[in-house]
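Here are my notes on the model you sent over. Have it open while you read.

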Amino acid sequence: MQRHECCACRYVYDERIGEPDDGIAPGTRWAQVPSDWGCPDCGRPKSGFANMAD
């Protein structure tokens with residue numbers, strides 16, 4: 001499972017956790033996160049996230 005970090009505020013989307021408050025279930029792969037989803041902390045679009053190397 002991968003993690004992706006918001007380049008603006010450093011919020012981390014972790015595929016293991018998902019984002020249940022936004023309807024994104026645990027285990028949801030980054031590619032399956034809707035393209036119109038944005039950072040829950042600062043609102044930056046999904047395109048403003050970077051993959052975090054393990």
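1. Ground rules. This is a predicted model, where local features need pLDDT of at least 70, side-chain atom pairs count only at pLDDT 80 or more, and totals for chains, interfaces and linings use all residues. Residues are numbered from 1 along each chain as its sequence is written, and side-chain values use heavy atoms, with hydrogens and water left out.

2. Where Cys39 sits. Look in the loop between strand 2 (12-14) and strand 3 (49-52); strands here are DSSP runs of E, at least two residues, numbered from the N terminus. Cys39 has a relative accessible area of 4%, so it is buried (under 20%; exposed is over 50%, partly exposed in between, with a 1.4 Å probe and protein chains only). Leaving out residues up to four places away in sequence, Cys39 touches Cys6, Cys9, Tyr11, Arg44 and Phe49, a contact being heavy atoms within 4.5 Å.

3. Cys9, at 31% relative accessible area, is partly exposed.

4. The core. Nine residues make up the largest nonpolar core: Cys6, Tyr11, Tyr13, Ile24, Trp30, Val33, Trp37, Cys39 and Phe49. For the term, take buried Ala, Val, Leu, Ile, Met, Phe, Trp, Tyr and Cys residues joined through side-chain atoms within 4.5 Å.

5. Aromatic pairs. There are six of them in the structure; rings of Phe, Tyr and Trp (its six-membered ring) pair if their centres lie within 6.5 Å, with planes under 30 degrees apart stacked, over 60 edge-to-face and the rest tilted. Trp30 and Trp37 make an edge-to-face pair, 6.0 Å centre to centre with 90° between the planes. Trp30 also pairs with Phe49: the centres are 5.2 Å apart and the planes at 45°, so this pair is tilted.

6. Around Trp30. One aromatic cluster takes in Tyr11, Tyr13, Trp30, Trp37 and Phe49. Trp30 counts as buried at 15% relative accessibility, and Phe49 does too at 10%. Over the face of Trp30 lies Lys46, 5.1 Å from the ring centre (the rule is NZ of Lys or CZ of Arg within 6 Å of the centre and within 35 degrees of the ring normal).

Conventions. Helices (H or I, at least four residues) and strands (E, at least two) are DSSP runs, numbered from the N terminus.
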